[in-house]
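Let's take a look at this one together and work through a few questions.

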Amino acid sequence: MLFNSYAKKRLHKKSLKSYNEGVDLLRNNDFEKALPIFKKLYDENFEIEEVLIKLCFIHKELCNYNDSLKYIDEFLALSPNSSRGLNYKCEILARMGCYEKSLELSDRILEMNDGNLNNAKLIKVKSLMELKRFDEALNLLETVRFNEYDEANYDLLLIKGNDYFYLNQYEKAIECYFAALDFVCEDYGLFYNIGNAYAQLNDYENSMIFFDKALELNEGDENLLYNRSIVLYYLERYDEALVSINKALDICCNESYLYNKAGILYMMGSFQESLEIYESLFDDSSQDMDLLEKICRILYELNNFEDVLKYCDIALSIDAKNEDVLFYKVKAFKGLKDYGRALECIDELIDINPGNEEYDNEKRDLLKY
């Protein structure tokens, strides 16, 4: 009997050591290595409630939501009124797209009125946003308050900031991100988010400050380099914008990046290079009116009037009353000195938009010829 008791103590001590190793791996976000440790502890029935929570968390972070839900349901069978367990289930349901069920559960947690209120509110905000109930989401978000005793303040502030960002409340998002910075010395993700929020407010100078801080910590993020190139474009720092977008393209040759590069080259006066990129993005099935308009504009700048007409006709087969394209057609005919057909097009524009001063002036000018 004494031997059995000693053996149990040794087994418990060994399991405790494994548990602590698993927890250390979780602290380092090494979920793949932590998973087999906690599975073994689960089979041994060691500290089963804590192990179930850990398995739920690991599978959630690995996006294995069905497995995560299975373990949290086992946990809730043992502790049905645990707000921690209910919060996990609420979050998993939201991640699985079960927003109505997540809302029902978050309301149950809020009725309990315990220390997990902020987390439950933030999960509920996410579900409300996904269900396009934006006013409700914003009103609830305004009630999320943190104090010095809150646990995981950094994570919750980041979530709150992101929620404000997606609700177009950029000033409030920035406030949350700055508050989260109190918990870390340097954080690439926060600098990047702050830069994006300032960009949405058209505060490009401040946006660049934080994009550059983010760049010091991560030079290889193509999304950062791409967004930075856009801000530099709006600051009319086209040479720097081109360097930034070329670095993004070196990492990932993406159509959006090429599109942005063509726009930068156009503003630098490199019309032929810009045109080559736009034409490479165009195919016969393209329905992208913005792309077609840009091609027409550059061809006009290059005095290539025949090709202007070709692309105008493609665009007008998609949208017969597109005024920008029709006006390029007027200018192309005028460039070819085909004033009669130019007049036909300008009359068509005046029918579409009577009283437009620019069109009336263009017609008067054409009639001189």
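Below are some questions and answers on a helix, one of its residues, a pocket and a residue elsewhere.

This is a predicted model, where local features need pLDDT of at least 70 and side-chain atom pairs count only at pLDDT 80 or more, while totals for chains, interfaces and linings use all residues. Residues are numbered from 1 along each chain as its sequence is written, and side-chain values use heavy atoms, with hydrogens and water left out.

Q: How far apart are the end C-alpha atoms of helix α13?
A: Helices here are DSSP runs (H or I, at least four residues), numbered from the N terminus. Helix α13 covers residues 222-234, and its 13 residues should span 18 Å at 1.5 Å a residue, because the expected span is 1.5 Å times one less than the number of residues. The model agrees with that, as the end C-alpha atoms are 19 Å apart.

Q: Which helices do the buried residues of α13 pack against?
A: Buried means under 20% relative accessible area, with a 1.4 Å probe and protein chains only. In α13 that goes for Leu 224, Leu 225, Tyr 226, Asn 227, Arg 228, Ser 229, Val 231 and Leu 232. Going by contacts (heavy atoms within 4.5 Å), these buried residues pack against α11 (188-200), α12 (204-217), α14 (238-251) and α15 (255-267).

Q: Is Ser 229 buried or exposed?
A: Ser 229 sits in helix α13. It touches Ala 241, Ser 244, Ile 245, Asn 260 and Ile 264, leaving aside residues up to four places away in sequence. Its relative accessibility is 0%, so Ser 229 counts as buried.

Q: Which helix gives the most to the lining of the second largest pocket?
A: A pocket is an open set of points on a 1 Å grid over the protein atoms alone, with protein on both sides within 12 Å along at least five of seven lines; lining residues have an atom within 4 Å of a point. This one is lined by 14 residues, with Tyr 233, Tyr 259, Asn 260, Gly 263 and Lys 294 nearest its centre. Helices α13, α15 and α17 (289-301) each supply at least two residues of the lining. The top giver, with six residues, is α15.

Q: How far apart in space are Ala 34 and Ala 241, C-alpha to C-alpha?
A: Ala 34 belongs to helix α2 (residues 31-43), and it touches Gly 22, Leu 25, Leu 26 and Ile 58, not counting residues up to four places away in sequence. Ala 241, for its part, is among the residues that Ser 229 touches. The two alanines are 207 residues apart in sequence, and in space the C-alpha to C-alpha distance is 43 Å.

Methods. Buried means under 20% relative accessible area, exposed over 50%, partly exposed in between (1.4 Å probe, protein chains only). On a 1 Å grid over the protein atoms alone, a cavity is a set of points where a 1.4 Å probe fits but cannot get out, and a pocket is an open set with protein on both sides within 12 Å along at least five of seven lines; lining residues have an atom within 4 Å of a point.
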